[in-house]
Amino acid sequence: PDTDLAAAARRVLPAGGFGNFAPEVIIREGKGGRVWDVSGKEYIDYLLGSGPMFLGHGHPEVIEAVQAQIPKGCTFFANNEHGIRLAEVLTEALPCAERVRFVSTGSEADMYAMRVARAFRKRDRILKFEGGYHGMSDWGLMSLAPKRLANFPVAVPDSAGIPKSIQEEVLVAPFNDLETAKAMIAAHHDELGGVIVEPFQRLIPPAPGFLQGLREITAQYGIPLIFDEVVTGFRFCYGGAQSYYGVTPDLCTLGKIVGGGFALAAIAGRADIMAHFDRGLVGDDGFLMQVGTLSGNPVAAVAGLKTLEILKRPGAYDGVLAYGRKMMAELAGLLKQRGVPGQVLGEPTLFDVVFSAEELRDYRAVMRADANIAKAVNASLRESGILKGDSKYYLSTAHDARDCDQTLSAFAKALASLPAR
Ligand code: PMP
């Protein structure tokens, strides 16, 4: 083994990394809202594993639950008590959830949600929204920018097992443009197996009436409406964006927070649609094969159960919401004070500063923002011990007032270090 970890990473990992985040950052450990890299440098962590660590790293009650389970078994490839209990909790917490099927990643959940909708509807096409991210499956990728799709395979089997071009099968509508979405759904209703949407897309909330309008038109034609709640599930409130916005889809997908930091994700929804998940490897006609080696494993299930139990307690979100509201307001204040054009977009538990002189109403406007300023600011923040992804701050219930002050002064310093415009 290489004594120098960074050198070992460059030698054994393609592009020197896991494909997720800046490969030069090598994390040693985390505790609460902070992480330390292998050189001992301390960071306030707003990456938080890309969202799952909503309670912060190493929450004592989650550790205790996981430690109690490990000696009793980590995976069984069979029904187990904790997975069943977690499914029960999800059906109580989420308005759309009558049945739950576990998988290991959000990408898998989205792929299977689209498949089960197609199997139920016996129609193949999917309508989704520009800029919506639904994981790394071929179907999930189709709403991303065409240049990012150039190198992906394009053939997927349809419900009859016949490969078709994914591009032909996916319709992409503009997010938050209800009239266009309605016209597309009306024109193609007889071909559509489902409509999938992030109820809160990237940093952009749904326009008033948008989700409700999608709900009405999909119900009118009997097309399953899927909310991708991989990010939003249990983040804005207990119960997901469907509770937060008061619109109930037919299916939703979950990941990140529901596994409490372990590999667990789920598809949840209407019993009649979910009934198309057949048991075992060989599906009967019209039923969908779905299995996964680690699906519903008890270690991830107890971590998820404990996490949701903690989040259900009265006041569980109060601190993180107050922290987020304060940060969003103060970041916006600093932009104004320093004369840097930009906006703070998002929700108190998930937001970012977007550098742009225009009013950021939609996905395209956010994509037009100045990525170079954002890169420079994020690099300066990292220098100051603030770790965040390229496009968002994820908050945790473990962050405290000291973290907030330190982040704001690091942000002020980052703005001051920008070249004069
Ligand atoms: N859907 C959304 C909205 C996501 O943000 C993500 C991941 N960030 C996924 C799906 C995919 O989840 P995973 O990375 O667990 O495959």
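Reader: Which strands does helix α7 lie across?
Author: This is a predicted model, by the way. In it, helix α7 (residues 178-188) lies across β5, β8 and β9, and runs at about 155° to β8.

Reader: What's the strand order in that open sheet of 7 strands?
Author: The order is β4-β12-β11-β10-β9-β5-β8, and the pairing is mixed. At the edges sit β4 and β8, each pairing on one side only. From one strand to the next, the twist averages 20°.

Reader: And how do β10 and β11 pair, parallel or antiparallel?
Author: β10 (residues 225-228) and β11 (residues 251-254) are parallel, with 3 bridges. Isoleucine 226 has leucine 251 of β11 as its bridge partner.

Reader: Where does α3 pack on the sheet?
Author: α3 touches β4 and β12, and its direction makes about 130° with that of β4. α3 also packs with helix α11, at an angle of about 35° with the axes 8 Å apart. That crossing is left-handed. Among the residues making the contact are Leu86 and Val89 of α3 and Val302 and Leu305 of α11. The contact residues split into 8 nonpolar, 3 polar and 1 charged.

Reader: New topic: why is β13 largely enclosed?
Author: 5 of the 5 residues of β13 are buried, so the rest of the structure largely encloses it. Gln343, Leu345 and Glu347 point one way, while Val344 and Gly346 point the other.

Reader: What joins β13 to β14?
Author: A hairpin, through 2 residues. The two strands, β13 and β14, pair in the antiparallel sense over 5 bridges, and glutamate 347 has leucine 350 of β14 as its bridge partner.

Methods. Residues are numbered from 1 along each chain as its sequence is written. This is a predicted model: local features need pLDDT of at least 70, side-chain atom pairs count only at pLDDT 80 or more; totals for chains, interfaces and linings use all residues. Axes are lines fitted to C-alpha atoms, for helices over the stretch in contact, and angles run from 0 to 180 degrees between N-to-C directions. Helices (H or I, at least four residues) and strands (E, at least two) are DSSP runs, numbered from the N terminus. A crossing is left-handed if the near helix is turned anticlockwise from the far one by less than a right angle, and right-handed if clockwise. Two residues are in contact if their C-beta atoms, placed from the backbone, lie within 7 Å. Ala, Val, Leu, Ile, Met, Phe, Trp, Tyr, Cys and Pro count as nonpolar, Asp, Glu, Lys and Arg as charged, and the others, Gly among them, as polar. A residue is buried if 20 or more other C-beta atoms lie within 10 Å of its own, exposed if 12 or fewer, and partly exposed in between; C-beta atoms are placed from the backbone. Two strands pair if DSSP finds at least two bridges between them.
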